[in-house]
Amino acid sequence: MSSRTGPEDTKKPFVDKYFECAENGNKEELSFLLKSTVNVDQRNEKGWTALMFAARHGQTGVIETLLEKGCDTNIVNKTGQTAQDIALFWDQNLAAKLIEAHMKEENPDQQLRNFFSLNHLDRASEKRKDKDWLQAKISDETSQFLLLSELKPFVLPIKDKTSKWRYRLCWLDHNKISSHLTSDTVILFLGIDHSSSQSLFAIDVSGKEESKFKDLQPEGSFMVPFPGSLQMEPSDAGIFAEARSMMDWLERYKFCATCGSSTDITEGGHKRVCRNQECKSNKGIHNTAYPRTDPSVIMLVISADGKRCLLGRKKQFPAKMWSCLAGFMEPGESIEDTVRREVEEESGVKVGRVDYHSSQPWPFPASLMLGTIAYAKTEDIKVDEDEMEDAQWFRRPEIVQMLTHQHPQGLYIPPEQAIAHQIIKSWVRNTASSNL
Ligand SMILES: NC(=O)C1=CN([C@@H]2O[C@H](COP(=O)(O)OP(=O)(O)OC[C@H]3O[C@@H](n4cnc5c(N)ncnc54)[C@H](O)[C@@H]3O)[C@@H](O)[C@H]2O)C=CC1
Ligand SMILES: [Mg+2]
Ligand SMILES: [Mg+2]
Ligand SMILES: [Mg+2]
Ligand SMILES: [Zn+2]
């Protein structure tokens, strides 16, 4: 009955057509479908995207169009292959080269760039000590300001229905915000955007009526950062991470950790100085005057036979979500030893070799996640019931189901914005041809 037809059903013929166009090289119709109905990274039941179909059939024109539309070249299908893997497998060398060139252009260092780690600003730390320069930039008409109220960033909605992101940061110029600046407003210098030659700042407007700021930008709103920031345009996520972690520190460390006196903000918000001239923190360099970061490890533990990986559920996780084990580093501890200690504490499994994967700032409030792959020496699991609800070994095919939201019991792993997802995806990719 037509009344039972949901939006997904009505979309299906368009999606089928979209994949057909990718396969046959029908660029015009594909572009039309992208404008009107389908999402560029739409997948079929096998996890294939249009880019994969185009790669399989060497449709270079379509590949160019999809790349221009911002398709994600990192997506893996249910057998763990990317579009580039598919192109190489089917000897579509021109297609593979095109995709590779695009990936290099997007990321010249060929390094995995996790969500919250994409920050293109030049932090220009040498300018922070130059009070005159900072003052001139604060009143410069080209400078741009991000408002934060109780650590919530002022954002604009993304209206493009085909975008998978929902928010972007709302930047306001000096004229708009000058009436909100008082002598005690916390102003943080974020850095310089060399593409526009603008200096970027964040200002704290906590305690002011949030609705007042609608006058500055009627479509703007203060976004609750978690999970909202995971839906933020990725190129804004790193700037948000810097702004939120820094504002959080500025707000929490008003008093000197050494003597308890009040502190003053200096260096564009990147240092707090104790007002007590006699304080030890004013003699020599003291880390209490500088912003804090809490390093944490996060690890995918692989079984000794290489066929399974260890995932856990913290008590606070949403039902059915499983993730990598993680834990805070302790002072004087190496990354490798933190991984070994946390895995043993949380699961009872003993770990040998530890390889670094990638890192991710996690601005809640100021963690730095150090992602690793760890190799188990033992198998028996004994869960730390204080922290964890459960920990289990999973075979690769089940992990692929969890990665692609096809698990029969609905189990899943964190979304692509989380480093846990990227580490798990790397393992799936790197074992794609090993028949596990
Ligand atoms: N467990 C996971 O799957 C994931 C964890 N994370 C993040 O990893 C970080 C560490 O993971 P957890 O498993 O929570 O650590 P954890 O395994 O070390 O246990 C958390 C406990 O460590 C203690 N702790 C020690 N240093 C701390 C500090 N600087 N800040 C807060 N608590 C501290 C507290 O008692 C806290 O309850 C957190 O920021 C978390 O948000 C991020 C993604 C996934
Ligand atoms: Mg933990
Ligand atoms: Mg722990
Ligand atoms: Mg711990
Ligand atoms: Zn002090």
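**Zinc site and helix 4 region**

At 4% relative accessibility, C274 counts as buried, where buried denotes under 20% relative accessible area, exposed over 50% and partly exposed in between (1.4 Å probe, protein chains only). The model is predicted, so that local features need pLDDT of at least 70 and side-chain atom pairs count only at pLDDT 80 or more, whereas totals for chains, interfaces and linings use all residues. Residues are numbered from 1 along each chain as its sequence is written, chains are lettered from A and ligands numbered from 1 in the order in which they are written, and side-chain values use heavy atoms, with hydrogens and water left out.

The zinc ion (ligand 5) is coordinated at 2.3 to 2.4 Å by the SG atoms of C256, C259, C274 and C279, donors being N, O and S atoms within 2.8 Å of the metal (3.2 Å for Na, K and Ca). The angles among the 4 donor atoms run from 96 to 117°, and the site is tetrahedral, a term that requires all angles of four donors to lie between 85 and 135 degrees. Because C259 lies in the loop between helix 10 (234-252) and strand 8 (263-266), and C274 in strand 9 (residues 271-274), the pair ties together parts that are 15 residues apart in sequence; helices (H or I, at least four residues) and strands (E, at least two) are DSSP runs, numbered from the N terminus. C259 counts as partly exposed, at 35% relative accessibility.

In helix 4 (residues 60-68), the buried residues are V62, I63, T65, L66 and L67. T82, in the loop between helix 4 and helix 5 (83-89), is buried at 1% relative accessibility.

How values were computed: Four donors count as tetrahedral if all angles lie between 85 and 135 degrees; four count as square planar and six as octahedral if opposite donors are over 155 degrees apart and all others between 65 and 115; anything else is irregular.
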